Amino acid sequence: MATGDRDRVVEQTQGATTERSASRVLSGVAVAITLLVLSPLAWLVLRAGEMDAARAIELLTSQTTIEVTANTIVLVGSVTLLSAFVGVPLAILTVQTDLPFRRFWTVTSALPLVVPSYIGAFAFVSAFGPQGHLSDLLAPLGVDQIPAIYGLPGATLVLTLFTYPYIFLTTRAALLSFDGTIVEAARSLNHTRWEAFKRVTLPQILPGIAGGGLLVALYTLGDFGTPSIMKYDVFTRMIFNEFGARRIDYAAVLSWLLLAMAVVILAIESRIEAGRDGAYVSRGARRPGEIKLGVWKLPATLFCGAVATLGLALPIAILLQWLVRGGVGYSGAGRPFELGFAWNSLTVAAAAAAVSVVVALPLAYLAARGDSRISSLPDRLSYVGYAVPGVVLGLALVFLSLKYVPFVYNTVFLLVFAYVVRFMPQAVGTTKSSLLQVDPSYVEAARSLGYPPLTAFRKVVLPLVAPGIAAGGALVFLTTMKELPATLMLRPLGFETFVTYIWRVQESGYYGQAAVPALVLVAVSGLSMLVILGREQQNGA
Amino acid sequence: MEPDIDTRNTTAAFDSVESAVDDPSATVVELDGITREYGAETAVDDLSLSVNDGELLTLLGPSGCGKTTTLRMVAGLERPSGGSIQIEERAVADGSTFRKPEERNVGIVFQDYALFPHLNVAENIAFGLRDADSHEADERVTELLELVDLTDHREKMPSKLSGGQQQRVALARSLAPEPDVLLLDEPFSNLDVRLRVEMREEVRKILKRAGVTAISVTHDQEEALSISDRVAIMNDGTIEQVGDPAEVFENPESRFVASFLGQASFLSARVAGDDIETGMGTFRTGRLNGPVEAYNGATVDVLVRPDDLRAIPTAESTADGYVTQRQYNGPSFVYRVKLHSGDVVHCLHNHSESFEPGEPVEIDLTADHPLAWYPTE
Amino acid sequence: MMEHNADDADRSDRNRSRPSSRRGFLAASGTLAAGALAGCTDMLPGGSDGTSASELSLGDFRGSGPLVEQRSAPEGTSIDDLPDLSGELTMYLGGGESGLYLDLVDLLEQIYPDFSVSAQQESASNLANRIAEENRAGSTPADVFMAVDAGSLGSVAEDGAAVSMSAEVTDPVRDVFKDSEDRWVGFAGRARAIPYNTNELSAGDVPSTVAAFPETSAFGDSFGWAPSYSAFQSFVTAMRVIEDDETTRQWLQSMQDLGVTTYDNEFAVSNRVADGEITAGFANHYYSLRVQSDRSSAPIDLAFTEGDAGALVNVSGAQILDGTENEALAENFLRHVLSAEAQEFFATRTYAYPMISGVEPVGGLPTIDELNPPDIDLGELSDLGGTVDMLREVGVL
């Protein structure tokens, strides 16, 4: 019966254009959202334009710029690759094998995402640095030199440990909605498990891996804290130094280079994902048979344990140590932590999550159901914001809001908008993949039963994609909770959150005081991770 | 494949239920010269068709022929590039009007049923009962559950139902708001063979009881011929022939229809006065279904299906050709015979008559009906 | 108390036990601390609303702990002698360490129920950039910018975004610690210092110029610094201004050759000195005081170089931003910040150098007069960019 299917898919995809007015409204909304989200770039145009062209070319072609560009590319590449090598096996182990305590390892493998990478990096240096706990432990054993963790290896390791969960989560989602019968088909065609994986499973889950990889790569590109602590010279650090030297035009020109890299990353991911555009991904397909690990059970468990130890246990242990050590001298830096700060964090993060899922919906819908490459453009472009360093975004919004919408300046609205610009792409991704799993004929069925398009969408599609939307919202929530630079710049006067407080006491060297808020931050964000994993269960059922 | 020889009987058996229809000659759906273009490609080309009240009409054709597009245009899921569509004498699509699917009062049963997975059976069925209060809706759901014989499954989720049950729910859901016309898109393609035959009968029975006008789309001729009141054979965006299933099957008006229905072979035949000369002997022109004088001296192609022919074992010297392949169909064999003239024909035999590949055979024309023929292309 | 004069200062000096040498200051205070009873009662009253001016005493401004024991009363203009603060101020606070300044604001708000401050805290350079952007879009909503880094204040002043303050505000502060046009004024000083481990070295082992450090064998493979820290970068910038880029580069290189260990911040440097992990390092002076406040028996003391970049005294300062509608209130607020009580606050709680002569630095630190800071315009230290480039070039960063 397969003969009819292809014909039908083609006809249906084309049929989506029937509702011209509805789709025009949708496109209009999506374009408006995209423009709004990209509006901070206008500031970069202005500031970069202030630089003399010859000077700009000199800056862009200088030895330092070229070196730093190369460093950045190497870091982004190595973090993304290593994240795939950690995230994909963990996803396969927790979805497709008889790994003991699968549920437990699923949670521990996802949780490092809730640890702010600057805290993670700090924990790492405390543990493995030249004066760290490890060298303290090893010193009596006569080991006086441990391998340096600074530079590229350290930055790669730390960023990988705290971003690989993006790939872990998207790969899991791909594996869970993956039709196991085709693996069985491949094995029946005399493929070994490994060959079947390589030739059948991998191509099927590759878009999922790429979707997570995109977030990892863009995060790495835009992160300043970790490379700075790990002493690896990357683009954000160069931009940051220019800001420090108060040469905003330099910083703006360099930011464009950074955004150009982001666009290249997006283009690469689009190519990988291309095959899936507009298609309806079947769901509820049969799970492939569980892979028996056999003798590999122990190594696999150790692998999960090692990742959880480094990515989760270690930073928490360091935070606990700060807490214990935080006796006399570790208190007394300014105002103590107040519950109100936590409340502020929660409310702005929840608002950012709510707004993000709402504005992500049209972009995701257009990308999932649209009939051309152009219809996924708003979705693609919205990702650019994810790579914009927080400081750049902050200053851009300071200028633009004061200039054009002064009444939002110094209000939480501007802050929430900044979060939406930065983190909405995460909601677009999960919403889009949920939409792709909804049979397009549901809406048609509802309409033939008398419901206008929006009502049909609300009554039929929305309930089905709700878990995906919630997962996207949870991702936005937990990354917003961690966000520091834009928060510092754009929060209303006197508005303190978890991270601004942690930043303040850490800057003063009062680590003990940072411990409790940091631990609470990790715990609260950890709860939102349960929403993300909960959605999986619903899908898997 | 064999045509369903019970077609006429089945239809007759249900004619009694069709009393639900007021005026079987009234036109419910009227397509007039509809066209659908996708860029340079024309999917449906100037197609006209009318469907009568209470009638089940099937659009039958190979994939890509435009049948699904036609159905979707009736549903309002596609907008015609030209032509007009009327439902119950009301224009739903023409140059100036385009009624959206929700404004057409059509019901659709989708190929994969499109049951809403988050709603149970009763909620799915009640989904289209927008104006009914809950009590009325409940009653209507009960009624429909009885109609489709799923009274015990009221509270179940769609994922817990078998394929056949899902289809009956889909049917009930689309019938619930009493649509003017019901559209069925490849309704049986997701069912296994045994269930498919059972559901064909079941669905036809339900449709007839409900007295609903229906248009179905399929590429499965057996299905089309067995359930329809009329079939419309489509090719390349146009309708080649519309009519009673048996009539269409026996008198295909075009070579395309002929080759599409049944396991058709074409026998080249030279017309010589009152005789036609073929690779399996000479016959009288009277065996053909129409005057062939105009082609005197020329070659025509005669449609022969496996049940029209018999192979008889014979000596090499008297053979028309030899068996090249045997296809076992359970109760019967179909032999593929390569004639010395170069034509290939198929012969139907019961399973007790066995030939070996390579065996020389003589072919007898056993058909008891006039044979369709077409000018050689 | 009325304005101080030199005699007052001298008298109070005599009342204090002060080490005779410029080195070994902390050891002396440590001894004092050991003899003093623990349990200072001058804790901040925990947010008791409605406390009037008369109910707050000097003790509320003062810190606690061994380093603060037995201080005499500060001299200078008292808060009691200043006009009341009344109204609302919007303030940008530059630098994470500036969080403590909010405690002072809290105290002032307690004294004056009609006075309130909305504060925004961020890194000083980001705030300087932000003020620049705000001015380009219209004007900054902030009235006052307080920053731990004079360079940021200098650059805001250079942008024309700060107003000149009246002499009433800036007079008590010596010229080196304020802008020549009074567009910013220092209120707390931070001296570059050399914390050293007293078990390993004595005061005399630390050379009096940083130029001699690379040849100091006692420092070999046992010296620490935190080059990513802005105060260290200011010190290197000062060296570039006083000497030149080439000399600075060579000095950095030879320090590298000496085997310097890099830390994230100078609190870590100071702690590791106390641990004995390194014998000495570069750090702002107050970190060692904080180490000692935490661990009173820690074998750590401070040495200072003389007349060179290593003896740089940088300041936290404040300025009034252009476009403010609260200039008078802002000036009055800054006078409060430079009052005897507030200066006592900075001296005893942040261990900073007070900016008015009536208040002494804590714990037997040398006075600024006793130090020998280089003659340099702190506003010139804003070119951290070039310094960062150099540090990177040499491989320090």
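At what angle do helix α16 (residues 339-369) of chain A and helix α22 (residues 453-482) of chain A pack, and how far apart are their axes?

Reply: First, the ground rules. This is a predicted model, in which local features need pLDDT of at least 70 and side-chain atom pairs count only at pLDDT 80 or more, while totals for chains, interfaces and linings use all residues. Residues are numbered from 1 along each chain as its sequence is written, with chains lettered from A and ligands numbered from 1 in the order in which they are written.

Now the packing. α16(A) and α22(A) pack at about 140°, and their axes lie 8 Å apart. Helices here are DSSP runs (H or I, at least four residues), numbered from the N terminus. Axes are lines fitted to C-alpha atoms, for helices over the stretch in contact, and angles run from 0 to 180 degrees between N-to-C directions. The angle therefore makes α16(A) oblique to α22(A). Under 35 degrees counts as roughly parallel, over 145 as roughly antiparallel, 65 to 115 as roughly perpendicular and the rest as oblique. The crossing of α16(A) and α22(A) is right-handed, meaning that the near helix is turned clockwise from the far one by less than a right angle.

Next, the residues. On α16(A), those in contact include Ala349(A), Ala353(A) and Val357(A). On α22(A), Gly472(A), Gly473(A), Val476(A) and Phe477(A) are among them. Contact means C-beta atoms, placed from the backbone, within 7 Å. By class, the contact of α16(A) with α22(A) has 12 nonpolar residues, five polar and no charged. Ala, Val, Leu, Ile, Met, Phe, Trp, Tyr, Cys and Pro count as nonpolar, Asp, Glu, Lys and Arg as charged, and the others, Gly among them, as polar.

The contact between chains A and B takes 23 residues from chain A and 28 residues from chain B. α1 (2-15), α21 (441-448) and α22 of chain A each supply at least two residues of chain A's side. α1(A) gives the most, with seven residues. That side has nine nonpolar, eight polar and six charged residues.

For a second pairing, turn to chain C. There α5(C) and helix α6 (residues 150-158) pack at about 10°, with axes 9 Å apart. So α5(C) is roughly parallel to α6(C). Ala124(C), Leu127(C) and Ile131(C) of α5(C) are among the residues in this contact, as are Ser152(C) and Val156(C) of α6(C). The contact has five nonpolar residues, three polar and no charged.

Note on methods. Contact = placed C-beta atoms within 7 Å.
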